[in-house]
Amino acid sequence: MQDIIGLTRQQIAQLLASDIPDGFIVNLGIGMPTLVGDYLPEGREILLHSENGILGMGPAASGEHVDPDLINASRQPITLLQGASITEHTVSFAMMRGGHLDYAVLGAFQVSEQGDLANWKTDASDAIPAVGGAMDLAVGAKQVLVTMEHRGRDGTPKVRKQCTYPLTGKGVVTRIYTDLAVIDVTPEGLQVHAMKQGVDEAFLRSVTDARLNFPQTPRTIVVDGAGTPRYE
């Protein structure tokens with residue numbers, strides 16, 4: 001079976017950004033999630049939170065706009081929107097733990113069909129375990145959205161029946177965005193919401209360890225000439 005060229009990391013972030021409703025407060029975790037801040041749709045008021053103590057985070061900074069004192073959770077230079085607030089960690093974590101975040105966007109090593117999240121430790125001998133605030137975000141946010149590649153570098157499925165890595169949170173994930181599909185975690189199991197153009201049901205099942213439900217025809221993710229993904 002011929003393999004499929006999936007979405008890039010930037011396109012995954014852009015697709016997720018297009019799904020964030022107006023008025024939501026959203027935490028962006030370390031890694032791929034930080035890219036979401038560069039693709040927020042115009043005309044929507046979306047408030048970005050970073051666990052290191054920023055509320056009102058803007059896009060990534062570059063050139064003369066770089067301030068080494070303004071960084072996101074990935075230690076990358078960022079900008080601030082007008083009216084932004086900078087707080088200490090205790091206040092920031094109170095926001096995370098108190099149910100004040102509509103979405104937490106997190107990276108993942110694995111997600112199970114029950115919505116279990118594993119994103120802080122692998123079996124790799126050179127890996128440095130680092131949970132940070134992921135556990136707080138996983139249980140404190142109203143919804144958890146995950147961004148990740150559908151398979152590891154060795155082709156191992158990352159959407160699994162059961163996680164084999166230590167869990168960050170149990171039953172916390174709401175939706176998974178990968179380079180091949182967008183998948184919802186529901187009480188009835190994993191439901192495929194959309195698939196990248198060129199991906200069919202048989203192929204997606206072949207690269208997924210977990211059971212997938214196709215209760216209706218999934219939407220198609222297409223990429224236009226400018227490289228922008230959208231649903232059809």
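Strands S8 (143–147) and S10 (173–177) pair in the parallel sense over four bridges. Pairing here requires that DSSP find at least two bridges between two strands. Helices (H or I, at least four residues) and strands (E, at least two) are DSSP runs, numbered from the N terminus. Before I continue: this is a predicted model, in which local features need pLDDT of at least 70 and side-chain atom pairs count only at pLDDT 80 or more, while totals for chains, interfaces and linings use all residues. Residues are numbered from 1 along each chain as its sequence is written, and side-chain values use heavy atoms, with hydrogens and water left out.

Four of the five residues of S10 are buried, buried meaning under 20% relative accessible area, exposed over 50%, and partly exposed in between (1.4 Å probe, protein chains only).

Let me turn to the nonpolar cores, each a set of buried Ala, Val, Leu, Ile, Met, Phe, Trp, Tyr and Cys residues joined through side-chain atoms within 4.5 Å. The largest has 33 residues, and those touching the most other members are Val-111, Leu-117, Val-146, Val-173, Ile-176, Leu-190 and Leu-204. Leu-117 has contacts (heavy atoms within 4.5 Å) with residues including Val-111, Ala-138, Val-146 and Val-173, not counting residues up to four places away in sequence. A second, separate core of 26 residues includes Ala-17, Val-26, Leu-48 and Ala-194.

There is also an open sheet of three strands, in the order S7-S6-S9 and with mixed pairing. Its edge strands are S7 (117–118) and S9 (159–160), each of which pairs on one side only. Two bridges join S6 (residues 110–112) to S7 in an antiparallel arrangement, and Gln-110 has Ala-118 as its bridge partner in S7.

Next, the salt bridges, defined by a side-chain nitrogen of Lys or Arg within 4 Å of a carboxyl oxygen of Asp or Glu. The whole structure contains eight. What does the one between Lys-170 and Asp-116 tie together? Its closest N and O atoms are 3.8 Å apart. Lys-170 lies in the loop between S9 and S10, and Asp-116 in the loop between S6 and S7, so this pair ties together parts that are 54 residues apart in sequence. Lys-170 is exposed, at 65% relative accessible area, whereas Asp-116 is buried, at 3%.

Arg-175 and Asp-184 meet at 2.5 Å, N to O. Arg-175 is buried, with a relative accessible area of 15%, and Asp-184 also counts as buried, at 16%. Asp-19 is linked with these two residues in a network of salt bridges. In the salt bridge of Arg-230 and Glu-232, at 3.2 Å, Arg-230 is partly exposed, at 40%, and Glu-232 is exposed, at 54%.

Finally, the largest pocket is lined by 41 residues, of which Ala-108, Phe-109, Asn-119, Thr-122 and Lys-158 lie nearest its centre. On a 1 Å grid over the protein atoms alone, a pocket is an open set of points where a 1.4 Å probe fits, with protein on both sides within 12 Å along at least five of seven lines, and lining residues have an atom within 4 Å of a point. S5 and H3 are the elements that give two or more residues to this lining.
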